[in-house]
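Dear colleague,

Please find below the structure that I am handing over to you. My notes on what was found in it follow.

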Amino acid sequence: MKIDLTETNSSKINAAMVQARRDIGTPAIGMVLTLVIVTDEENAYDALKSANDASHEHPSRIVVVIKRVSRSPRSRRDARLDAEVRVGADSGSGETVVLRLHGELVDHAQSVVLPLLLPDAPVVVWWPEGAPSDLAGDPLGALGQRRITDTYSCEQPIGALAARAASYAPGDTDLSWTRITPWRSMLAAALDQQALKVTSATVEGEDDNPSCELLAMWLADRLGVPVSRTLSAGPGLTAVRLETKDGVIVLDRADGSLATLCMPGQPDRAVALKRRDTAELLAEELRRLDPDNTYEASLKFGVARLNPAEAPAEAPAKAEAETPKPAPKPAKKAAAK
């Protein structure tokens, strides 16, 4: 069931949701959280589809906040709220409210969303793209116990990691981190099977892929060894190599779905390591609402502290040219010798 409301307010939206649940015969609320999606018209469909798919595992009230761009001074002054209420088969396993904010109301979205939150239930805020620099300081972000972003959608993903580290607050997380959960689990299990001392590591993947950088920072932080980055054609993260005194542990995924795990003294094994869609990533993040301390430590380790895989050919000569030569020793010291 869909209900369109034009020039409405939060009170009328709540009344419409109650009436809609009664009309379809489900007056009880069985939802476990409120998911607030902050997006634009271009990305709203994909984000809502992923949220609806994730709601089969986490029944929730989904509130989509779309800030409409005002193209004239008159429209920027006029505050208007349009809404679309969806319940039943049109909203996954919960209920959905799509809010379109116009004019000055764009700057006060939190006042519209606050009355629509489920009482005594956690709130998760998700920016599919275009997230603010300070998530916890954002008026909508301040409503949530968890704040989800995706640096993969940023124009400069690696630079966005530094911005996320600078403004990190407990509850922040990123889907680029969620993408490497199977990789982290597989590598941790491999080291549990064989107590080998890792001396260095290499992470191979696409250029400007934040998941590759986060995995490299996680390895460097947890193992305390130099980690280098090498580039490949993808897709995404393609291989990890851990150097040990007994040989190399290699987890190689060339096709984006099936990986090969090679360990010293053991036969090679094929392991499933497929690239997951956004709905699966979102569902994983909604399973935990406490701060992710491992993500925080890896993020704050910093991309700049990783060892470069290979220095450019001209770099040594340039460094030598720029390095000032030591001053000659005084003649008196030479004579004394």
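Helix 1 (residues 10-23) has 14 residues, and from its first C-alpha to its last it reaches 20 Å, close to the 20 Å expected at 1.5 Å a residue. The expected span is 1.5 Å times one less than the number of residues in the helix. Helices (H or I, at least four residues) and strands (E, at least two) are DSSP runs, numbered from the N terminus.

Please note that this is a predicted model, in which local features need pLDDT of at least 70 and side-chain atom pairs count only at pLDDT 80 or more, while totals for chains, interfaces and linings use all residues. Residues are numbered from 1 along each chain as its sequence is written, and side-chain values use heavy atoms, with hydrogens and water left out.

Which residues of helix 1 are buried? They are Ser10, Ile13, Ala16, Met17, Ala20 and Arg21. These residues lie on the same side of helix 1 because they cover an arc of only 130 degrees around the axis, the arc being that of the directions from the helix axis to the C-beta atoms. Ser11 and Arg22, on the other side of helix 1, are exposed. Here buried means under 20% relative accessible area and exposed over 50%, with partly exposed in between (1.4 Å probe, protein chains only).

Next come the strands. Strand 11 (residues 237-244) and strand 12 (residues 247-252) run antiparallel and are joined by six bridges; two strands pair if DSSP finds at least two bridges between them. A hairpin of two residues connects strand 11 to strand 12. Strand 12 also pairs with strand 13 (residues 258-262), in the antiparallel sense, over three bridges. Val250 of strand 12 is the bridge partner of Arg241, and Cys262 in strand 13 is the bridge partner of Val250. In the hairpin of strands 12 and 13, five residues lie between the strands, and Gly256 in the turn has a positive phi of about 85 degrees.

Finally, the largest pocket has a volume of about 280 Å³. It is lined by 17 residues, and the closest to its centre are Arg179, Ser211, Arg253, Arg275 and Arg276. A pocket is an open set of points on a 1 Å grid over the protein atoms alone, where a 1.4 Å probe fits, with protein on both sides within 12 Å along at least five of seven lines; lining residues have an atom within 4 Å of a point. Grid points are joined across faces, edges and corners, and the volume is the space filled by probe spheres set on the points.

Yours sincerely
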